[in-house]
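Let's walk through this model together, one question at a time. Have a look at it first.

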Amino acid sequence: MSTLAHTMMTAARSSDSGLVGPGELDRYPYAEVPATDRVGTPSWEGADPELGRVGRRAAGSRGRGLHGQLVQQLGQMIVSGDLGADRPLVPEEIGQRFEVSRTVVRESLRVLEAKGLVSARPNVGTRVRPVSDWNLLDPDIIEWRAFGPQRDDQRRELSELRWTIEPLAARLAAGHGREDVQQRLCDMVEIMGHAMAQGDALTFSRADAEFHSLLIQIAGNRMLEHLSGIVSAALQVSGSPVTGCDRPNETSLTQHARIVDALGAGDGTAAESAMRQLLTIHPEVERVVPAPREH
């Protein structure tokens, strides 16, 4: 139990390391846009002036150091609309504003480009891209949207996406049960029960995220498995009672246990039904995606 709990608590979602490859530093040359052409250049008034100094005292919260913090800051500003579409991002100005090196700026812009938030083109420079170009399934973008002005839309869209993914995954998982994974799912439910009894919402949520991630991974569909990180991100940023997984309660725990029992019995229909009921514990979800009629 202790090993499993440790594994669950220390699991972190995968993320781009942001390290640049050979010859890539010059993709973001300084003086991208002549000073006279910088129409609409962002002011940075909403930025964190302490970013550089804080970063030098301690590494970023995700262990990615200065460039990880800069990615967070710029990403949040873009997603919130503080840096609107087609706005130029001049690396030298970013470096001066946040007191970071050229390498840090270039690494950060490279990561943001991979997420579809910015584009860098010769003779044009680096500019913010429209929402239609963003990778909206990227866990970082999910988080930034969930805590920004688009929070309501993000949570609704995540709930709708979970409704598409998880009932099907539960049905498929019933036909691909493995004893070791079945035991891990049971362990997660047990951890959730202990956490709820102790009022430990953080441990409950971590075990919950592990449960749903495992379920998708054993569904036997690689494309669904690729989406497991999205479900984890949805659980981490839900922030409102949209599904039964948002906060510890007896009904949520019971439905998780029902899913495990159905998987153990190889009953895909029961597993799918239990998952749908789990996702509709709170009445708010009925305004998002109505539950299908049971026949």
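Q: Why is helix 9 largely enclosed by the rest of the structure?

A: First, some ground rules: this is a predicted model, where local features need pLDDT of at least 70, side-chain atom pairs count only at pLDDT 80 or more, and totals for chains, interfaces and linings use all residues. Residues are numbered from 1 along each chain as its sequence is written, and side-chain values use heavy atoms, leaving out hydrogens and water. Helices here are DSSP runs (H or I, at least four residues; strands are E, at least two), numbered from the N terminus, and buried means under 20% relative accessible area, exposed over 50%, partly exposed in between, with a 1.4 Å probe and protein chains only. Helix 9 is largely enclosed because, of its 17 residues, the number buried is 12.

Q: How far does helix 7 reach from its first C-alpha to its last?

A: Helix 7 covers residues 151–173, which makes 23 residues.

Q: Are helix 12 and helix 13 roughly parallel or roughly antiparallel to each other?

A: Their axes lie 8 Å apart and pack at an angle of about 165 degrees; axes are lines fitted to C-alpha atoms, for helices over the stretch in contact, and angles run from 0 to 180 degrees between N-to-C directions. Angles under 35 degrees count as roughly parallel, over 145 as roughly antiparallel, 65 to 115 as roughly perpendicular and the rest as oblique. Helix 12 and helix 13 are therefore roughly antiparallel.

Q: Is glycine 175 buried or exposed?

A: Glycine 175 sits in the loop between helix 7 and helix 8. In space, its C-alpha is 9.5 Å from that of alanine 265, although the two are 90 residues apart in sequence. Its relative accessibility is 63%, so glycine 175 counts as exposed.

Q: What is the phi of asparagine 123 near?

A: Asparagine 123 belongs to the loop between strand 2 and strand 3, and it counts as exposed because its relative accessibility is 81%. Its phi is positive, in a residue other than glycine, and is near 65 degrees.

Methods. Expected span 1.5 Å × (residues − 1).
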